[in-house]
Amino acid sequence: MDETSDEPPTSAVLLDNCHFSQVVFNNVEKFYVPGGDVTCYYTLTQNISPRGKDWVGIFRVGWKTTREYYTFMWAPLPSAVRSGTAVQQQIQFKAYYLPKDDEYYQFCYVDQDGVVRGASVPFQFRAETEDDILVVTTQGEVEEIELQNKNLHKENEELKASCASLQKQNVDLQEELSKTQELQNSLESLRSNTEKLELELNSLKKENEHLKEQDDCREAELHQLKEQIQNVTSDKECLETKLKTALDHMDQLQSQVLNYEREVEYLSRTDREKTEQLESLKEENRQLRMTITQQQQNHDLMKELEEQKRLFQILQAKKNEADEENQKLREENDGLLRHLSQAREVSSFSVVSQAQAPIPAPEVEGLLFGNPYCGAHLGAGPGDASIRKCPMCDEVFPEDIETSQYEAHVQSHLLECPLCSETFEKSNKQVFDDHIFCHGLE
């Protein structure tokens, strides 16, 4: 039934709260022929401000709320609105959306709040009949009709003036009604406040009666309190006497407390001195423990030194045996050298290096690479004609090299542990690092 998809704003406001005088519908026919478009003419008075969602609907006579519209059209906004002036507007309803029965309908202007602001006289949708056609037969009747029309026009003007006056009165009455409504609301509020005040008054009366009853009880309690005060007064005198005695006793106690405080101060001072002595003794005890620990470590070192000495003695004995065996071999080599001295064609150093094979020193038990200084000691004896050879790199040294140089050369091939003095070949650097790491774990 609507030409648009949007529903118009409606409300459940009843007719009593609507203002029908703010929009006036003009030139409303008594009936409209079905199947044709209908143009609705209306006037916006100065008492209404048109808005974008205002609409004009066709309602069946007897409607109660704006939700009962049959069809509607959105009310166009006036092009220029000046305050205090009325504006003429019109809307055309398409025939397709109009009612098809012959019931009575009326136009209603509804604002975007869903409140009716004006309503037209009722009309019908039906075809013309002969009763609705005026037939003029004589000139006299025409003159009489013209006179009637003039009278009717005059009456119409008077009715329009009366209508305007009535509209103004209606506006005034609406204002008075709104004021009356406000007064009625105020009266209702005053009634509710009065009822609340009456309830509070009744409550206060009950509370007053309750307070009177409590007052009677308080008087009896007051009499009892007076008697108790008398008893308390007598007790007070007795207590004052006891208090005086207690004060004297307290003075004595205070003097004793002063003496006790002096003693406590003396004991505190003595305690501090003893505490200081105790701290001093703790420090001495700590130093003694450190000394004992150092002595224990020294004792362990002494044991380890004795063990090293014992091992050195064993090694020395084995070294002596090896020296004796080497001495015998040297004597045999000396005899052989004397027989070969006539056939020497090279330098004594070359002959000796070719004729004399290196004599490996016996391994000393307990050392990983043998005794690196064995060759140095072998050549230190009398008649040292042998060649010194490095046990690590097999380098041969002349017999006139100093022992310190030879030992330095041999030592350059070794890595010595700084913690236990154990030696390792430089070629076994990983073994040396693992050995140091094991000391770190200890």
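I started with Leu 222, which is partly exposed because its relative accessible area is 45%. My cut-offs: buried is under 20% relative accessible area, exposed is over 50%, and partly exposed lies in between (1.4 Å probe, protein chains only). This is a predicted model, where local features need pLDDT of at least 70, side-chain atom pairs count only at pLDDT 80 or more, and totals for chains, interfaces and linings use all residues. Residues are numbered from 1 along each chain as its sequence is written, and side-chain values use heavy atoms, with hydrogens and water left out.

I found Leu 222 in helix H1, residues 139–340 (helices are DSSP runs of H or I, at least four residues; strands are runs of E, at least two; both are numbered from the N terminus).

Next, the strands. How many residues of strand S3 are buried? I noted 5 of its 7 residues, so S3 (residues 38–44) is mostly covered. Strands pair if DSSP finds at least two bridges between them. S3 runs antiparallel to strand S1 (residues 23–26), joined by 4 bridges, and Val 24 has Thr 43 in S3 as its bridge partner. S3 also pairs with strand S6 (residues 87–93), antiparallel again, over 7 bridges. There I saw Tyr 42 opposite Gln 89 in S6.

Last, the cysteines. I looked for disulfides (pairs of cysteine sulfur atoms within 2.5 Å) and the count was 0. Is Cys 108 buried or exposed? Cys 108 counts as buried because its relative accessibility is 0%. Cys 217 is at 46%, so I put it down as partly exposed.
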